[in-house]
Amino acid sequence: MIRPYGPLAYVRIDPELGCVVQFWTEDDAKIAADALKIAFSGTFKHTLQAYDPCTICCRVSPVLAEISHYGNGKSKGQGIISFSIAEQAPSEVIEEVITSQPSSPHDSPPLAPHTAKDRVTPPLSPMANLPSSSSTTLEGQQLIIDALLAKITSMKEESMQQKALFEAQADKESLHRIECVELRTQLQAAEKERDLLDDRLACSERDNRGKRAAWEVLKACYKLQVTNATVRLATIEKEKLDLAAKLKQVELNLDEWQHKFQLADSRRRIIEMELEVDRQFWEAAKRAREAKQKEEADVARRTAEVKEAGRRLKEMVEEEKRRKAEALKQEERKQMLQRAAKQAREKAKKEQAEARQREEEAQRRRELEEEHAKEKARQKAWKAATAMERERCRVRDGLLCNPGGRPWDATAAVSRFIVIIDEFEKTKFCEARPLTFSSIPWPILDNPLGSSFGPDILTWERVEMFFVHVKAQSSSIDAYNKLVRRVHQIFHPDKWRSRALMASVYDIGLRCATESAGNKVAQAMTPIWQKTRSST
């Protein structure tokens, strides 16, 4: 009856005091007492009194009663009682309640300094109306019902905790709220049924057996409710695990889409670079078309001028012919006209020659400008292609220099050399894919991503040290000799000239440095190759 109103620590039936209910703290006892007065104010009469656990209770007044205490006021758990006659002592039923700390988790809990003693009046108490033969059974049933109510209360608290955990799930919130309301409704219905059953048991002793059967039915109902609630809580826990798995999958999908976005952004930058190159090419073509249109306009203008000059010359000749048909008196004038015409012709020829000379000079200047523009565009395209090749090599070396998070060492250098030498032999270097220093598989142990990696670090000693590690890592001497012969052929100057490797390098300084480094490797490879020949 009192269990729903606070956490109980101890409950027992005392033959002298009645029902003694002990709470864990004094505040819990006060709250339960106030709630009990409000809840059962109109049902039956009851009396709540504070009970001092450090009190010895007897049916008759003793002559002397003392409780032993320690120096700090704590009870020692023993006392001395004196009676007036000896026959009173054995017949007394003495109950001693002393506050103590339990020795193990299974012992009785510590008693609070404040307890509530519930004295129910005999006419309305269901315990008082039951016969003595069934008091033990009803007490057991009452304890079972209290345990079931405690279990339902615990399940109700767990359900509320689950509801708080899943409040973030909007689609589950209403369902959980309905379930909690149903559990609360079931609990209230169970409490009402229990109270009703208590009233019925108190009304008549004749219905005692029927009431006990009703207790059994109610007990089974409580067990079924506990089972259903347990199954529902297990379902909620499973849904929680499913939601956690889905959240983890969403996080994995988010990482995947972020990776795809990075790849798409890289492709976008590459396309923008290609569009920039195309735009420059289109602008150059546009300038060429405009120059050609201007040239055609100049040619048309000059052609029109020549035609006009021819027409005028023809008119002058015709006029001359008409003048010859005239009389001799106009001969002098005719001669003057002829001289003037001759001078005009000479002047026209001279002007035509000068115009042709100016046109030829302008044509030569345009050709030089076009060649200069083509050479400039070619240099720019080569620089862009060289930058792309260097970036490709940098990305490739980034993947080869740190495989699996392993630091750079001789093994990594040899593995990188084997991969790059196959690529170097298969690649056909040209203007679109020029040769760079990083494209060549240099047989040295230095990290290609280091700041000092360049043509200046190529020496005989570094090449010889590299092949010492290659020989140590080779599976057999035949594999080592085969690799030496292959490297010797790759770095041979005649091989480089036959492949025209330096033709794709427009920078004279880079070309000379790369060619010098290749000659050093070829010179260093000659004695190593000769040793392999002598060993075979």
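Analyst: Happy to; we can go through confidence first, then the helices and a few residues.
This is a predicted model, in which local features need pLDDT of at least 70, side-chain atom pairs count only at pLDDT 80 or more, and totals for chains, interfaces and linings use all residues. Residues are numbered from 1 along each chain as its sequence is written, and side-chain values use heavy atoms, with hydrogens and water left out.

User: What is the mean pLDDT of the protein chain?

Analyst: The mean is 76, and 74% of the residues reach 70 or more. pLDDT is the predictor's confidence in each residue, from 0 to 100.

User: And where does pLDDT stay under 50?

Analyst: Over residues 91-137. The model has 110 contacts beyond four places in sequence for that stretch, a contact being heavy atoms within 4.5 Å.

User: Thanks. How many helices and strands does the protein chain have?

Analyst: There are twelve helices and eight strands. Both are DSSP runs numbered from the N terminus: helices are H or I with at least four residues, strands E with at least two.

User: How much of the chain counts as buried?

Analyst: Of its 536 residues, 26% do. Buried means under 20% relative accessible area, exposed over 50%, and partly exposed in between (1.4 Å probe, protein chains only).

User: Let's look at H7. What span should it have?

Analyst: Helix H7 covers residues 331-401, and at 1.5 Å a residue its 71 residues should span 105 Å. The end C-alpha atoms are 102 Å apart, which agrees. The expected span is 1.5 Å times one less than the number of residues.

User: Which residues of H7 are buried?

Analyst: Among them are Ala 341, Trp 382, Cys 393, Arg 396, Asp 397 and Cys 401.

User: At what angle do H7 and H8 pack?

Analyst: About 145 degrees, with their axes 10 Å apart. Axes are lines fitted to C-alpha atoms, for helices over the stretch in contact, and angles run from 0 to 180 degrees between N-to-C directions. Arg 392, Arg 396, Asp 397, Leu 400 and Cys 401 in H7 meet Arg 416, Val 419, Ile 420 and Glu 423 in H8.

User: How do H8 and H10 cross?

Analyst: The axes of H8 (residues 410-426) and H10 come within 12 Å and cross at roughly 45 degrees. The two are therefore oblique to each other: angles under 35 degrees count as roughly parallel, over 145 as roughly antiparallel, 65 to 115 as roughly perpendicular and the rest as oblique.

User: Which residues meet there?

Analyst: From H8, Phe 417, Ile 418, Ile 421, Asp 422, Phe 424 and Glu 425; from H10, Leu 483, Arg 486, Val 487 and Ile 490. Of these H10 residues, Leu 483, Val 487 and Ile 490 are buried.

User: Changing topic: is Met 316 buried or partly exposed?

Analyst: Met 316, which sits in helix H6 (residues 208-324), is partly exposed because its relative accessible area is 36%. Leaving aside residues up to four places away in sequence, Met 316 touches Arg 323, Ala 341 and Ala 344. Met 316 and Ala 341 are 25 residues apart in sequence, yet 7.3 Å apart in space, C-alpha to C-alpha.

User: What about Leu 337, and which residues does it touch?

Analyst: Leu 337 is in H7 and counts as partly exposed, at 27% relative accessibility. Leu 337 touches Glu 320 and Arg 323, again not counting residues up to four places away in sequence. Its C-alpha atom is separated by 9.5 Å from that of Glu 319, 18 residues apart along the chain.
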